[in-house]
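The sequence and the structure are shown below.

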Amino acid sequence: MPLSEHEQRLLDQMERALYAEDPKFATALEGTGLRTHTRRRVYLAAAGFVVGVALLMGGMIIQPQQIWLSVIGFLVMLGCALVAVAGWRKNPVVGPGPGGLRAAPPVRRKASVMDRMEQRWQRRRDEHDGL
């Protein structure tokens with residue numbers, strides 16, 4: 001749910017006050033946002049995926065009887081791929097500012113026929129009350 005205009009102004013004022021009072025602390029908080037955490041998690045999952053590929057290939061190259069190593073490698077690859085994709089999809093929408101987190105702008109959807117009719121009705125009622 002996006003922040004209202006009033007809440008957004010209050011948040012901006014608090015951010016400016018934090019920077020004015022303790023710029024060192026505010027700068028330290030900038031890099032620890034949710035986006036940085038998510039990016040780090042995706043990178044670790046990619047590294048784990050490469051380790052899974054190595055285990056898979058190692059199990060196939062060493063001996064045919066070592067199939068369990070290949071199975072473990074495949075499971076590591078699968079788990080890391082799921083973590084990476086889940087992290088990528090949940091990547092927060094960010095904007096400029098300390099900490100980097102901001103509410104996402106509301107997604108504009110096309111108004112349905114009922115929504116448009118209700119808006120017209122409200123406009124007519126407001127115009128009638130104003131006269």
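Is A46 buried, partly exposed or exposed, and why? A46 counts as partly exposed because its relative accessibility is 41%, which lies between the 20% limit for buried residues and the 50% limit for exposed ones. The model is a predicted one. The points below set this residue in the context of the helices and the surface patches.

**Overall fold**
- The secondary structure of the protein comprises 5 helices and 0 strands.
- Read from the N terminus, the order of elements is α-α-α-α-α.
- Of the 131 residues in the protein, 15% are buried.

**Helices α3 and α4**
- A46 is located in helix α3.
- Helix α4 contains 23 residues, and the distance from its first C-alpha to its last is 33 Å, close to the 33 Å expected at 1.5 Å a residue.
- The buried residues of α4 are L69, S70, G73, M77, C80, A84 and G87.
- An α-helix has 3.6 residues a turn, so residues three or four places apart point the same way.

**Nonpolar surface patch**
- A nonpolar patch on the surface is formed by F49, V53, M57, M60, I61, I67, V71, F74, L75, L78 and L82, which together have about 1100 Å² of accessible area.
- At least two residues of this patch come from each of α3, spanning 34–62, and α4, spanning 67–89.
- Helix α4 provides the largest share of the patch, with 6 residues.
- Among the patch members, L75 is found in helix α4, and F74 also has its place in helix α4.
- F74 and F49 are 25 residues apart along the chain, and their C-alpha atoms are separated by 9.0 Å.

**Positively charged surface patch**
- R116, R120, R123 and R124 gather on the surface in a patch of positive charge.
- One of these residues, R120, is found in helix α5, which covers residues 113–130.
- R120 counts as partly exposed because its relative accessibility is 43%.

Definitions and conventions. Residues are numbered from 1 along each chain as its sequence is written. This is a predicted model: local features need pLDDT of at least 70, side-chain atom pairs count only at pLDDT 80 or more; totals for chains, interfaces and linings use all residues. Side-chain values use heavy atoms; hydrogens and water are left out. Patches are made of residues with over 30% relative accessible area and no salt bridge: like charges are joined within 9 Å, nonpolar side chains (Val, Leu, Ile, Met, Phe, Trp, Tyr) within 5 Å. Accessible areas come from the Shrake-Rupley method with a 1.4 Å probe; for residues, only the protein chains shown count as cover. A salt bridge is a side-chain nitrogen of Lys or Arg within 4 Å of a carboxyl oxygen of Asp or Glu. Helices (H or I, at least four residues) and strands (E, at least two) are DSSP runs, numbered from the N terminus. Lys and Arg count as positive and Asp and Glu as negative; His and the chain ends are not counted. The place of a charge is taken as NZ of Lys, CZ of Arg, CG of Asp or CD of Glu. Buried means under 20% relative accessible area, exposed over 50%, partly exposed in between (1.4 Å probe, protein chains only). The expected span of a helix is 1.5 Å times one less than its number of residues.
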